[in-house]
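Open the model in your viewer and have the selection tool ready. This tour goes stop by stop.

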Amino acid sequence: MKKQGRGMASIMFGFGYGEGFPDHSIAEVEITKDKRIKVRTAGADLGQGFLTTMTQIAAEVLKIDPSYIEIVGQDTHKAKNSGSTSATRQTFFSGNAVREAAEEVMGKIYHYGSLYFNSNHPELTVKDGELYACDECEKITYWELAEIVEQRGKELKAEATFFPKTYAPDRKTGQGEKIYVAYTFMTQVMDIEVDTDTGLIEVMNVYTALDVGRAINPQNVHGQIEGGTVQGLGMAMMEDQVIEEGITINADMTNYLVPSIQDIPNFESTLIENNDSGGPFGSKGVGEPTIIGASPALSNAVYDAIGVRIKSLPITPEKILNALEEKK
Amino acid sequence: MKKQSINVKNKLGTSGKDSDKYFRPESKEELKKILEDYTDELTVIAGGTDLLVANYKNLYKIEKWLDLNWLDSFKEIKIFDDKVEIGSMVTHERLDKLDQIKEHFPVIQKAAADVGSPQIRSRGTIGGNIVTSSPAGDLLPTLLVYDAKLKIISKDGERIVDANDFFTGPKQNVLGDGELVEKIILPLEENKSKGAWVKVGKRKALVISSISLALNLVFDNDNKIKDARICVGSAAPVPLRIEKAEQSLKNKKIKKVNIAEIAQIVSDEISPIDDIRGTAEYRRKVAYNITKSALQEVINQ
């Protein structure tokens, strides 16, 4: 028999290393004569969209089409430290460093532009990689300006470091001034079906509301929600390291199961964008927060479906059948 | 003296001596010659979905390969008045997609659709599934409920073996050195039959079954069960026919069958073990439940 259930979980996730750890990112932005804007950062893209996000941030600040942006690095020989791609931190930390470096460069564009036009800053306008002395009048491209600046022995280039201070929580109370740079919030509701013949769970629908501050790239954020939740469902339903006499007996992808494409539920997600964090454009990290709601939401849905609380992960078919039997 | 059995065509595009160890006959005559020359030295490859995984780290140790992929006659499906012959090199993909299989042997079609992933179904073969002889082989219970016979060939001739007598233990069977399964012979039933297939695995695709069940009931003209076959996979050293349950189904109208009693017999008769895909206890419970649901499915058909 199939029994339906619905479960909900809400999470908050403090991201970055936090707790007083000297977590930081350094980035450099340079406008070059060959019509490129080079962003140097050592941050690694593991498929989560780091390169896209940094490109968008630099392009947004510098008011230019993203196709001109070139990310150089992913390598500490070519760029300075951007910290690890972990702890849900790159958009916030490296994003802030890129934003600040780009703002420094924008300051230089205005500075050298005003010298070139012999005008005041308020009269200058920037649009699509060009600097105007006033509306519809004299203009100069970033690349031309870079060449002029170079003749002065200077560069349209700047480096910035984002190095926020955090504090360790009190050991007794767990309270603290600012333990993490910001928190991401998420609520998930899951609809499931439990097969009482086999103990198998099918996740039908996942509804997500994610407070991400601001989605730099909404499609990427939806991808993170779906990918993270599926990983979380793997933890909730399948992933199980089986050790016998000190040896892991399922150290391969045939026997250590993660969800297949066939196991993926329908997703419906809403992004809450209050632009309320200290991240670039008010954004917050979205990696790990999307994983941790799956287990509690699923376990609540199981309780709703069959009236039994399963208190260990993964929630295997065996556990479901045993619990159903005990309930009788 | 070294025997010269390698087809010169095989050498095209290869270098070194590797091709000396690789044979790919294109006719039964060529196959017979190779079997005569190298009978006990050959490792047979069909789709490779089991063999290559099992030998992933020591393929170099394989002395001589016999590749059946160029034998077109092994890929044929022939339909006669009273039987269907399926070549051992027919893939799961074809079993899944062919209308004739769906029409005459729906339980085989459903099991073939449940094998692994699209990639595995397009490479893996019915013969490979049989010869690997895993208790979890998805097609095996379905062959047993259709009373399949296997045509086995070797350099010395051929023999026919009941699929039910073929499997002797986990990954063990009656094949001797230099014997190959050439085709699977499935009798065509004159009477109406109804079947069901249940595969239980911990995810929906690319999963080795925790337990599986194939059911086939043949009805006589009075709508009584003339013949009943139930076979359970992944619950004993071999795919296991539950003859006691079959006997108690026979000569009854389906609506008169005590489903719970049959399910209990199936649950009692299997001999499951604890492993990574489920405990013995779990398998007995699920065997009971899926026997009930499979019988119910047939009643509803």
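**Stop one: a helix pair in chain B**

Begin with α11(B), which passes α12(B) in a right-handed crossing. Keep in mind that this is a predicted model.

To find the pair, select residues 259–269 of chain B for helix α11 and residues 280–300 of chain B for helix α12. Their axes lie 8 Å apart, and the packing angle is about 140°. Why is α11(B) oblique to α12(B)? An angle over 145 degrees would count as roughly antiparallel; at about 140°, α11(B) is therefore oblique to α12(B).

Now show the side chains at the contact. From α11(B), pick Ile259(B), Ala260(B), Ile262(B), Ala263(B), Gln264(B), Val266(B) and Ser267(B). They meet a set in α12(B): Arg284(B), Ala287(B), Tyr288(B), Thr291(B), Lys292(B), Leu295(B) and Gln296(B). Colour by class. You get eight nonpolar, four polar and two charged residues in this contact.

**Stop two: the domains of chain A**

Move to chain A. Where they touch, domain 1 of chain A supplies 17 residues and domain 2 of chain A supplies 14 residues. Colour the domain 1 side of chain A: eight residues are nonpolar, seven polar and two charged.

**Stop three: between the chains**

Finish with both chains on screen. Here 17 residues of chain A contact 17 residues of chain B. What classes make up the side of chain A that touches chain B? That side has eight nonpolar, six polar and three charged residues.

Note on methods. Residues numbered from 1 in each chain as written. Chains lettered and ligands numbered in written order. Predicted model: local features only at pLDDT ≥ 70, side-chain atom pairs only at ≥ 80, totals over all residues. Contact = placed C-beta atoms within 7 Å. Nonpolar A, V, L, I, M, F, W, Y, C, P; charged D, E, K, R; others polar. Axes fitted to C-alpha atoms, helices over the stretch in contact; angles between N-to-C directions. Helix = DSSP H or I, 4+ residues; strand = E, 2+ residues; numbered from the N terminus. Parallel < 35°, antiparallel > 145°, perpendicular 65-115°, else oblique. Left-handed = near helix turned anticlockwise from the far one by under 90°.
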